[in-house]
Amino acid sequence: MMIKCVPLGAGQDVGKSCVIVTVGGKNVMFDCGMHMGFQDERRYPDFPFISKTGNYTQAIDCVIVTHFHLDHIGALPYFTEICGYEGPIYMTYPTKALAPLMLEDYRKVMVDRKGEQEQFSVLQIQQCMKRVTAIDLRQTIKVDADLEIRAYYAGHVLGAAMFYVKAGDDTVVYTGDYNMTPDRHLGAAQIDRLEPDLLITESTYATTVRDSKRARERDFLKAVHTCVAAGGKVLIPVFALGRAQELCILLDEYWERTNLKVPIYFSAGLTMQANVYYKLLISWTNQKVKDTYVTRNTFDFKHVTPFERSQIDAPGPCVLFATPGMLSGGLSLEVFKHWAPSDANMIILPGFCVAGTVGSKLMSGKPTKIDIDKRTQLDVRCQVQHLSFSAHTDAKGILDLVKHVAPRNVVLVHGEKLKMVLLKNKIATDLGIPCYDPANLETVEVESRCLVRMGISKQLLKAPVNQSIIQQATAVLPSAAEMAKEMNPVALPDAQRQLQTVQQGQQLPHVRAGVPVEGVLIMEDSSRIKLIHPSEVESVLGVASHGMSFSCMCPMYLAYLELLSVRTEEATAALEPMTSSAILHLIYLHLVESFGEGVLEEKEESIQGKSIHIRVSPETSSHDLAVAKGYHLQGTDIDGGGIPALVLACDWHLEDDALANKAISILQMLKLKLS
């Protein structure tokens, strides 16, 4: 069956993430965001592509939102309340709690301060969120009988999640935005080795490998300190949730160590509410924040206070965290207009800026003039710094995730076109995984695995794993150190335990690739395929047991060890006879050297082991056995003198075929001194 993937947004672009995936006959919408760089109809995904009739509830089986950033959730109220989608919506508990704050703040900025036509009302935001089902990490939710989803920790921002979707036998992982390295308040992304048919991953920093976090923090603190020490003001445009808390923690701790008295402000209202939620949702933060929570909540900032608009032109240095990020409007853009003309001030852009925003224009160089909109141009004399504290993973993190999850196919979204091409080629070349980077409304089709469902009998499940099979599995397993390189650090202890289990000769915890299972495949009356233990065949199928035996005549030729100078009939007649028992004894000694003790057993007139039976053939005449001291058993007669052949008869059953073939090959190569 084919899996289809169509980006309605974030295809070769960053903004309005919205990806439609058809998997196992189900249509799933991942994210429903808006583009922060547009103020017209282009801000929303192309919803009419889903359904020409506008019946989105019938066309979409469920909507999954990965986190509360507007480029991932901003269009959701529009899709539900204006477009009319009434189907299930899933997101994590923190995302459901924080999303209304982000949406309402955006609505206020666009309507109250920019005078735009209202896209959705406060009531519509509330109605939209009532349709949402909140889920917890690693909780499996059944959307219907054939569709299930599960969330995994993504880092990035509070409540961000990656989602695993299974429809029938087809599987997809959608990452949303994620971070593979921990920061001051969130942990690194964590996900199992799911081996899905398709992995859809963000690629914001497709070609960037960031320097150490410590170096970036040092540069940030130095830049801020230098500016305020000279009497300047520092503007840091941030979204209210995520980088705002990260950088507030960093500055608050630095102010405490250095005893600086310069005020630090953040936007009143939204960030205040956000900090309350951060305190309540402490379980979603990293371990350090959890450990110190008992004595002091990390989000109770000592040196950070709310900012009022009346303070925009107040004299003296200060630091201001203002929303929204990217200078896309609101307080951050308003303050920028006041502070940009002074060369004593500084603007620090701490993350990625979408094309079309004022922040993106500032990052393109050192402009002296900048167009705020069609009617407004602004002189820019302030210092501009871009210090990446983005919560997106870098190129190395993307490759690490792809290697760990081990998908059969990869689709890149949420990135810049030229950089995505480079990453796509690297994934295909270095990892050998087919990779695609579709544009908006471009369909990618990948083939899913053809899985066959079958039952398995209890007796087969309980059957112990053969020791030789365990040794085969152990031989192909990597060392614990090699596993550590390939796996998420959180998964390493499980890998070590698994390796120890195999090394100790215990039963493997689950079937591994390359480990054979011996069973019989049958078709039941209901046309259901089932795997049963070989001992169950007679009773299940009602048939008699039949055995399969093999026989082989193995000729061996006799020759002198040392050629006699004169060979006469009288000399030959004088040779002492050697019995078949004596010959078999010498053969047995050579076989024991190859097989070891206990595999074969010497009987009076034969050599036996399991079902194997080796004896001198009755067809061999007594004259053939008349050999003297100094003779060898060899593959050919030394001098071609026509010494008669010795014939060994070998019999065995099917289950000992490998052992018998090895014994016969030894007999054919045998050089045996008879003395």
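F220 and F389 are both buried (under 20% relative accessible area with a 1.4 Å probe, protein chains only). The model here is predicted, with local features needing pLDDT of at least 70 and side-chain atom pairs counting only at pLDDT 80 or more, while totals for chains, interfaces and linings use all residues. Residues are numbered from 1 along each chain as its sequence is written, and side-chain values use heavy atoms, leaving out hydrogens and water.

**Aromatic pairs**

- Searching the whole structure turns up eleven aromatic pairs (Phe, Tyr or six-membered Trp rings with centres within 6.5 Å; planes under 30 degrees apart are stacked, over 60 edge-to-face, the rest tilted).
- F30 and Y174 count as stacked because their ring centres sit 4.6 Å apart with the planes at 20°.
- That pair links distant parts of the chain, with F30 in strand β3 (residues 26-30) and Y174 in strand β10 (residues 170-174), 144 residues apart; strands are DSSP runs of E, at least two residues, and helices are runs of H or I, at least four, numbered from the N terminus.
- F30 and Y174 are both buried, too.
- F220 and F389 pair edge-to-face, at 5.3 Å centre to centre and 70° between the planes.
- F220 is in helix α6 (residues 213-229) and F389 in the loop between β19 (383-386) and α12 (395-405), so this pair ties together parts 169 residues apart in sequence.
- Y44, F47, Y56, Y78, F79 and Y85 are linked into a cluster by ring pairs.

**Around E81**

- E81 sits in helix α3 (residues 76-82).
- Ignoring neighbours within four places in sequence, E81 touches Q124, Q127, C128 and R131 (contact: heavy atoms within 4.5 Å).
- E81 and Q124 are 43 residues apart in sequence, yet 6.2 Å apart in space, C-alpha to C-alpha.

How values were computed
Buried means under 20% relative accessible area, exposed over 50%, partly exposed in between (1.4 Å probe, protein chains only).
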